[in-house]
Amino acid sequence: MYTGDLELSGANVLPTLSTSNFLEMGGAKALCERFLESKLDPSNALGVVQAAGRYSCSAGLREAADAVVAEHFVEVSEGDEWLALSQEEITGVLRRDSLR
């Protein structure tokens, strides 16, 4: 039974988010979202955008990750996550008016 305590890390947050989403454990999912938002940086922002969409996360997490992508686009585009994007995903990012 979930007691409200989770020890999240970079290694376990995405599997925990996936599981909490599947099991509809809103409290655990919210903890995962807050953890991801607190660790956002240019090296992981695209992955967080994808995870937020895949697991139906709050708009706040998606907006925070999008803001990091826009604010640090050059750095984001030089990272490994950029290389893993599909052509459609790259096009979507490049069409944003907020890129800097």
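Tutor: Let us begin with a term: a helix is a DSSP run of H or I with at least four residues, and helices are numbered from the N terminus. The model before us is predicted. In it, Glu63 is found in helix H4, residues 59-71.

Student: Why is Glu63 called exposed?

Tutor: A residue counts as exposed when its relative accessible area is over 50%. Glu63 has 53% relative accessibility, and therefore counts as exposed.

Student: How far is Glu63 from Val13, in sequence and in space?

Tutor: Glu63 and Val13 are 50 residues apart in sequence, and 19 Å separate their C-alpha atoms in space.

Student: Why is Phe73 called buried, and why is Trp82 called buried?

Tutor: Buried means under 20% relative accessible area. Phe73 has 15%, so Phe73 is buried. Trp82 has 12%, so Trp82 is buried as well. Over the protein chain, buried residues make up 31% of the 100 residues.

Student: How do you know that the radius of gyration agrees with that of a compact globule?

Tutor: With 100 residues, a compact globule would have a radius of gyration near 13 Å; the protein chain has 14 Å, which agrees. The C-alpha trace spans about 45 × 20 × 20 Å along its principal axes.

Student: What makes up the secondary structure of the protein chain?

Tutor: There are seven helices and zero strands. The pattern along the sequence is accordingly written α-α-α-α-α-α-α.

Student: Which residues line the largest pocket, and how do they divide by kind?

Tutor: Among them are Val13, Phe35, Lys39, Gly47 and Glu81. The lining divides into six nonpolar, three polar and two charged residues. Lys and Glu count as charged, so Lys39 and Glu81 belong to the charged group.

Student: Which helix gives the most to the lining of the largest pocket?

Tutor: Helix H3 gives the most, with three residues.

Methods. Residues are numbered from 1 along each chain as its sequence is written. This is a predicted model: local features need pLDDT of at least 70, side-chain atom pairs count only at pLDDT 80 or more; totals for chains, interfaces and linings use all residues. Side-chain values use heavy atoms; hydrogens and water are left out. On a 1 Å grid over the protein atoms alone, a cavity is a set of points where a 1.4 Å probe fits but cannot get out, and a pocket is an open set with protein on both sides within 12 Å along at least five of seven lines; lining residues have an atom within 4 Å of a point. Helices (H or I, at least four residues) and strands (E, at least two) are DSSP runs, numbered from the N terminus. Buried means under 20% relative accessible area, exposed over 50%, partly exposed in between (1.4 Å probe, protein chains only). The radius of gyration is taken over C-alpha atoms; the globule rule is 2.2 Å times the number of residues to the power 0.38.
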